[in-house]
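Please open the structure in your viewer and keep the sequence beside it, so that each stop can be selected by its residue number. The tour goes from one place in the backbone to the next.

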Amino acid sequence: MVLFCMARDINKINKMKLKKIALSTVLVLSSLTFLTNCKQNSSPAKTDSTKATKTDTTKKIADSTVAESTQPVVYPPINHAQYDSLMKKLAHGDTSGKWPVKNAPYPLPGAILPYKRVVAFYGNLYAKKMGILGELPPKEMLAKLKGEVKNWEKADPTTPVQPALHYIAVVAQGDGGKDGKYRYRMPAKGIDSVLSLAKKAHAIVFLDVQVALSNIHTELPLLQKYLAMPQVHFGMDPEFSMKDGVTRPGKKIGTYDAADINYVSDYLANLVRKYNLPPKILIVHRFTKKMVTNYKNIKLHKEIQLVMDMDGWGEPDLKTGTYRYFIHDEPVQFTGYKLFYKNDIKKAPHHMLTPAEVLKYKPYPIYIQYQ
């Protein structure tokens, strides 16, 4: 199979007819865009007895990780005054009246946000061009993640950092596949490997889905056994949600409506209640207005912590504009920010924002993703 490593076409984005206020920002491009071929080595080659033994050992480690992760944990109750204080801090002196979001429910015990800032490495184990998670060998990748965690702790000593691995579990691709849905579901052994790596780094895990010509109602339930684990959270990517069921992913930017996001929130909330879990973090990627429609209809739950993640790449000014118009101006609950080791430095001034620079935004992003 061939995975999509996207390289966004700036000229095509320029032609999109967004509202005047957003026109300067749509040049900021997403992590994964129009398709270029990256070979995917997900099909296992023939193995000798030595390789088979190694595979069996890896599977036992993964199974052990899954078993341990399901052990129940008792969390202290939420201190409402402390929570309100931290949410006000996140607003970073915003005077628009949008932040902190009004009438949001208090989370269940065990919530990560806003007590910690999540710093995540994004990618896929089978493609080096989809993100830092798969680009570097595991040991080197985890060491680099540890370094970024330290950078954020230094930039904001008052907010502890929670490391994370954000794994693309369903990938939009150039081949239609047997069912013509243009998406490839990663093998379970890949997800198990990420769980094992995360355990070494004391990290949480996000499973991200690019539905292509499929839909979120079909893809989400297939990951339930992992989402029933307390350390596993979820990400949904509107860019590759092709609502017409015909257009191939990468030909245009896809979309999710509030109804799709509410479906995912309801589904995850039910898992939290069923398995007595701490709240799930739900990441929704966004870098254009049409990627998320009817945002005011998005429902919040005490079981879910919803993050709108600014998923655009480009020079600092363009990223700042995208964050302002599509994240700050359309508040949901929490905000995130994506940084690109390579794409952010393609154009002058060839500079990826530092933690200190990102912390100038209002509100403060509480979820940070590196690709």
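What follows is a walk through some backbone features of a predicted model.

Begin by selecting Trp99 and Pro100, and look at the peptide bond that runs from Trp99 to Pro100, which is cis, with omega near -5°. To place this stop in the chain, colour α3 (80–91) and β4 (117–123), for Pro100 lies in the loop between them.

Next, select Tyr182, and find the loop between β5 (161–172) and β6 (183–185), where this residue lies. Tyr182 is not a glycine, and yet it has a positive phi of about 55°. Is Tyr182 buried or exposed? Tyr182 counts as buried because its relative accessibility is 13%, and the cut-off for buried is under 20%.

Now move on to Asn294, which is found in the loop between β11 (292–293) and β12 (304–310). Here, too, look at the backbone: phi of Asn294 is near 60°, a positive value in a residue other than glycine. When you show the surface, keep in mind that Asn294 counts as partly exposed, because its relative accessibility is 45%, and partly exposed covers the range between under 20% for buried and over 50% for exposed.

For the last stop, select Ala348 together with Pro349, and look at the peptide bond from Ala348 to Pro349, which is cis, with omega near 10°.

Technical notes
Residues numbered from 1 in each chain as written. Predicted model: local features only at pLDDT ≥ 70, side-chain atom pairs only at ≥ 80, totals over all residues. Heavy atoms only, no water. Helix = DSSP H or I, 4+ residues; strand = E, 2+ residues; numbered from the N terminus. Buried < 20%, exposed > 50% of the residue type's maximum accessible area, 1.4 Å probe, protein only.
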